[in-house]
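Here is a short tour of the charged side chains in this model. Have the structure open as you read, and follow the pairs one by one.

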Amino acid sequence: MIILNILKIIALIILALIGFLIFLMILPVSVRLEYIGEKFYYEVRYSFLSVISSDAEKGIAGMLKRRKKKKKISVPEKVPETDSKLSEEKNETVPELQSVPDLPEVKPEEISDEKIPESEKFQKKSKIPKSERRNLSDISELWDKITQIWEILSSPAKRLCRGIHFDKIFIDFKISDPDACDCAVNYGKTCIIVYNMLGIFNQMFSLSKKSINVECVFNKEKSIYDISFTVRFHPIVALLCGGSFLWTYYFKIYRKQSGGNRKHGKQGNKKRKTSK
């Protein structure tokens with residue numbers, strides 16, 4: 001009875017740890033990126049906790065840095081070396097370099113192929129060993145494996161991408177140039193890039209737009225590019241997608257290959273027995 005009670009306690013502890021880990025993986029991880037007023041700002045948050053930030057005073061990393069600074073003990077500065085040592089080092093005599101005799105020049109015409117031994121001639125010619133050469137059949141088998149893995153990976157990858165959320169997208173671009181023609185051309189190019197990228201991201205990820213504005217401002221020298229967004233992600237989504245990929249890979253590829261190898265092995269054993 002005592003052993004059963006101990007096993008029950010251990011099982012409950014393991015289940016509690018698994019549940020706690022699942023709860024931690026359900027909580028979102030978010031990354032805030034901003035470039036406003038020519039100033040870059042970033043912040044990584046785990047649920048409501050700020051982990052890392054460009055502001056040194058914020059986040060858990062900033063708190064740890066402040067504690068380290070308090071624990072540091074002031075160390076006395078090193079006394080600078082006297083000028084006498086430097087003067088002595090400068091006055092040291094440098095040994096003179098010995099002159100090297102000039103070597104006789106050799107013309108390329110004087111070197112003939114007859115002087116080079118045949119063994120060295122054959123060494124220059126690089127030969128690829130037969131073991132490293134791949135047949136067309138091996139390449140086709142490799143390509144088939146890649147296509148099978150891609151077919152299995154495509155659906156979990158789509159789910160993983162849809163699990164990434166781009167929230168509070170703020171874009172405020174003011175395109176300007178002293179030349180009106182160049183300003184209009186740059187404005188058109190910027191609109192094409194911005195809206196096409198948003199369309200591609202909308203197909204791949206989950207987007208929530210806050211404000212998107214692209215303006216053309218004439219008679220100004222400098223353009224203004226202000227952008228900010230938050231990337232939010234749940235770690236449990238990656239775990240589920242990875243598990244589904246491994247599950248389908250095991251039953252569709254690995255199990256078939258291992259079963260085929262076993263069948264070939266049994267057939268070979270039967271042939272050996274009949275031959276005996």
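## Charged pairs in a predicted model

Aspartate 167 and arginine 232 form a salt bridge, with their closest N and O atoms 2.8 Å apart. This pair links distant parts of the chain, since aspartate 167 sits in strand β4 (residues 165-177) and arginine 232 in strand β6, 65 residues apart. Aspartate 167 is buried at 16% relative accessible area, while arginine 232 is partly exposed at 27%. Keep in mind that the model is predicted.

The whole structure holds 4 salt bridges, among them these:

| Pair | N to O distance |
|---|---|
| Aspartate 167 and arginine 232 | 2.8 Å |
| Lysine 222 and glutamate 38 | 2.5 Å |
| Glutamate 43 and arginine 45 | 3.0 Å |

What about aspartate 226, buried yet with no salt bridge? The nearest side chain of opposite charge, lysine 174, is 6.8 Å away, and a salt bridge needs the nitrogen within 4 Å of a carboxyl oxygen. Aspartate 226 belongs to strand β6 (residues 224-233). A polar atom of the aspartate 226 side chain lies 3.2 Å from the backbone nitrogen of glycine 37. Beyond its sequence neighbours within four places, aspartate 226 has contacts including Tyr35, Ile36, Phe170 and Asp172.

Conventions: Residues numbered from 1 in each chain as written. Predicted model: local features only at pLDDT ≥ 70, side-chain atom pairs only at ≥ 80, totals over all residues. Heavy atoms only, no water. Helix = DSSP H or I, 4+ residues; strand = E, 2+ residues; numbered from the N terminus. Buried < 20%, exposed > 50% of the residue type's maximum accessible area, 1.4 Å probe, protein only. Lys, Arg positive; Asp, Glu negative; His and termini not counted. Polar contact = N/O pair within 3.5 Å; in protein donor to acceptor, adjacent residues only side chain to side chain. Contact = heavy atoms within 4.5 Å.
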